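Please look at the model before reading the notes.

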Amino acid sequence: MGSLSFISRRVMSGIAMIIAVVVLNFFLLSAAPGDIADVLAMQAGGATADQVEGIRKELGLDKSLFAQMIIYVTNVAQGNLGQSLFYNESVSQLILERLPNTLILVLPAMFIAVVLGTLLGVLSAYRPRGIFNFGVTLFSLVGFAAPVFWSGMVLLIVFAYWFPIFPASGMYNIGEQPTGWDAVWQVGHHLILPVISLSMVYLAQYSRQARATMLDVLGSDYVRTARAKGLRERAVVYKHALKNAVLPVVTLAGLQFSHAVAGAVLVETVFNWPGLGRLAFDAVLNRDFPLMLGLLLISSVLVVVVNVLVDWLYSVLDPRIKMGG
């Protein structure tokens, strides 16, 4: 019952947060300079003042801002995210087509960053004065300093042009529509450079976080007690200290998931990866108001879901944390 009560409370608070995000995003984007009707008229090659006014009425822009907001929130509650002005397709359909591609990119990148970053941090904390610790520290500094788009371009130059080991863009080979295992192989091959580019900065952060936390845990009383009882050092580190050292890393990963989705915009642009990031880039360039709102909404939903999962993971890593508390 405690778990069900916790989940229901988190779902309700998540829904309330999403509603607030929808309303706030609507007013923020409405306050942006420019007029969507003018942009559409320019894309059509020009229009008279009457034609522009007709476009405004067709889009409902002649109504008050509050009335537009009520209409939009009502439509969202019914599952209708509107029609893309640039693609002239359903916003929901566009997002559902691109969402799996973004998750294919972001989830492996975050998994590699969390697992490998935690492992590097723990090992460097275990030998804080060795050459390995120096290497991890140097790698972390480089990872912190290198922007995602810069590391992506460097990877492209080195491993796609100088040494053409990996493809430079897209999900499949040019001109091919593979199926079955051939499609899996091509997606995996095209995915390597974007995943490395996106994971590098987070891997550096998690390794530093894990190292700092592990050093603190290894100096705690219960670890000294475990050593005094004669437990093997491996058991002390991996059975007693690691679980407590991982909790801050899990917290950081949950908080940064939305940041990773935002970072995917740059990575998908550099590698021409057909995901939500590329869709968001096109939506901003073309002032596609409904599409931008839909993308912000789906990002909010993803953040809520990930944070609920992080809270559940807390109880798995540390039984002292009760989900129903």
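The notes below go through cores, pockets and a helix in turn. The model is predicted, so local features need pLDDT of at least 70 and side-chain atom pairs count only at pLDDT 80 or more, while totals for chains, interfaces and linings use all residues. Residues are numbered from 1 along each chain as its sequence is written, and side-chain values use heavy atoms, with hydrogens and water left out.

**Nonpolar cores**

- A nonpolar core is a set of buried Ala, Val, Leu, Ile, Met, Phe, Trp, Tyr and Cys residues joined through side-chain atoms within 4.5 Å; buried means under 20% relative accessible area with a 1.4 Å probe, protein chains only.
- The largest such core holds 62 residues, and Leu105 and Tyr202 have the most contacts inside it.
- Among the helices that each supply at least two residues of this core are helix 1 (2-30), helix 5 (91-126), helix 8 (180-218) and helix 10 (233-271); helices here are DSSP runs (H or I, at least four residues), numbered from the N terminus.
- Helix 12 provides the largest share of this core, eleven residues.
- Leu105 touches residues including Leu191, Leu198, Val267 and Trp273, leaving aside those up to four places away in sequence; contact means heavy atoms within 4.5 Å.
- A second, separate core has eleven residues, including Met214 and Val236.

**Pockets**

- A pocket is an open set of points on a 1 Å grid over the protein atoms alone, where a 1.4 Å probe fits, with protein on both sides within 12 Å along at least five of seven lines; lining residues have an atom within 4 Å of a point.
- The largest pocket contains about 660 Å³ of space, the volume being that filled by probe spheres set on the points.
- Its lining has 24 residues, and Phe111, Val114, Val250, Ala253 and Leu313 are the closest to its centre.
- Helix 5 gives the most to this lining, nine residues.
- The lining of the largest pocket comprises 22 nonpolar, two polar and no charged residues; Pro counts as nonpolar and Gly as polar.
- The second largest pocket contains about 460 Å³.
- Of its 19 lining residues, Leu59, Gly60, Ile71, Tyr72 and Pro290 lie nearest its centre.
- The lining of the second largest pocket divides into eleven nonpolar, six polar and two charged residues.

**Helix 7**

- The 15 residues of helix 7 should span 21 Å at 1.5 Å a residue, which agrees with the 20 Å between its end C-alpha atoms; the expected span is 1.5 Å times one less than the number of residues.
- Buried residues in helix 7 include Val148, Leu155 and Ala160.

Key: Buried < 20%, exposed > 50% of the residue type's maximum accessible area, 1.4 Å probe, protein only.
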